[in-house]
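Trainee: I would like to learn how to read side-chain pairs and helix packing from a model. Please take one feature at a time.

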Amino acid sequence: MRHLVGDFRWASGIVETREWNGAGFTVARARGDSLLRAYDESVQRMGDALASAAAEPLAPCPNFADREHGVLGWWPRHQAHETLLHRWDLESATGVHDHIEPRIAADGVSEAFSVYAGRYGSQRLDRPITVACTDTDAAWHIVPTGVGGHVEIAATDDPVAPDLACTARALLLAIWKREPIGHDNVSFSDEALVRRFLSGPLTA
């Protein structure tokens, strides 16, 4: 919750002013009841800011992926996935998790691949692989560039014989290291290779 309060305050400020100095956010210091109040306030502010952003999705607004070339419409999508992952973290305290809609999970995977994965090298991938979601039509082709362990990732409409086929939820949680992919309703062509890739680094 302290992370989310800091993130929501930071993101709201960028969306409201349409300016960003390149600095990251600071985790909130509040605890206990003060943290709960801060959370409620930051959620309201974030919701208002994102509603405004959704009304002008193509208006210029910087972000940490596109820098000064960003648009307001980037923020509602990103904050949806940011909140979804940290909702999972909060729910982990109870061991009971709400349903994650497959389309949203698949879009979260797409964002992770496009926004984060390109930043990191040192991926241990010896050959191209394809990963596909079994509950949506989303799939990606991943190719090692041969330079510093970097990979190129592109969506594909033709995931013939994917190297990994699993639910969008399972793939999203594995990429963000919340939950490893099991074996129920999952198929691998080369499990060791796929798991090496998923071990990253892919995300922060």
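Trainee: Which residue meets Arg 77 in a salt bridge?

Mentor: A salt bridge is a side-chain nitrogen of Lys or Arg within 4 Å of a carboxyl oxygen of Asp or Glu. Here the side chain of Arg 77 pairs with that of Asp 107, at 2.9 Å from N to O. Arg 77 belongs to helix α3 (residues 74-91) and Asp 107 to helix α4 (residues 102-116), so the bridge ties together parts 30 residues apart in sequence. Helices (H or I, at least four residues) and strands (E, at least two) are DSSP runs, numbered from the N terminus. The rule gives 10 salt bridges in total. This is a predicted model, in which local features need pLDDT of at least 70 and side-chain atom pairs count only at pLDDT 80 or more, while totals for chains, interfaces and linings use all residues. Residues are numbered from 1 along each chain as its sequence is written, and side-chain values use heavy atoms, with hydrogens and water left out.

Trainee: Are Arg 77 and Asp 107 buried, partly exposed or exposed?

Mentor: Buried means under 20% relative accessible area, exposed over 50%, and partly exposed in between (1.4 Å probe, protein chains only). Arg 77 has a relative accessible area of 29% and is partly exposed; Asp 107, at 29%, is partly exposed as well.

Trainee: Which residue forms a salt bridge with Asp 89?

Mentor: Arg 178 does, with the closest N and O atoms 2.8 Å apart. Arg 178 sits in the loop between α5 (168-175) and β5 (187-188), and Asp 89 in helix α3, 89 residues apart. Arg 178 is partly exposed at 26%, and Asp 89 is partly exposed at 31%.

Trainee: What does Arg 127 pair with?

Mentor: Its partner is Asp 163, in a salt bridge of 3.0 Å from N to O. Asp 163 is in the loop between β3 (151-155) and β4 (164-166), and Arg 127 in the loop between α4 and β1 (129-133), 36 residues apart. Asp 163 is buried at 9%, whereas Arg 127 is partly exposed at 32%.

Trainee: How is the span of α3 checked?

Mentor: The expected span of a helix is 1.5 Å times one less than its number of residues. For the 18 residues of α3 this gives 26 Å, and the end C-alpha atoms are 26 Å apart, which agrees. The 15 residues of α4 should span 21 Å, and the end C-alpha atoms of α4 are 20 Å apart, which also agrees.

Trainee: What does His 86 contact?

Mentor: Contact means heavy atoms within 4.5 Å. His 86 lies in helix α3 and is buried at 16% relative accessibility. Neighbours within four places in sequence aside, His 86 touches His 3, Leu 4 and Arg 178. The buried residues of α3 pack against α1 (2-17), α2 (32-55), α4 and α5.

Trainee: How do α4 and α5 cross?

Mentor: Two packed helices are described by the angle between their axes and the distance between the axes. Axes are lines fitted to C-alpha atoms, for helices over the stretch in contact, and angles run from 0 to 180 degrees between N-to-C directions. The axes of α4 and α5 come within 8 Å and cross at roughly 35°. Residues making this contact include Ala 105, Val 109 and Phe 113 of α4, with Leu 171, Leu 172 and Ile 175 among those of α5.
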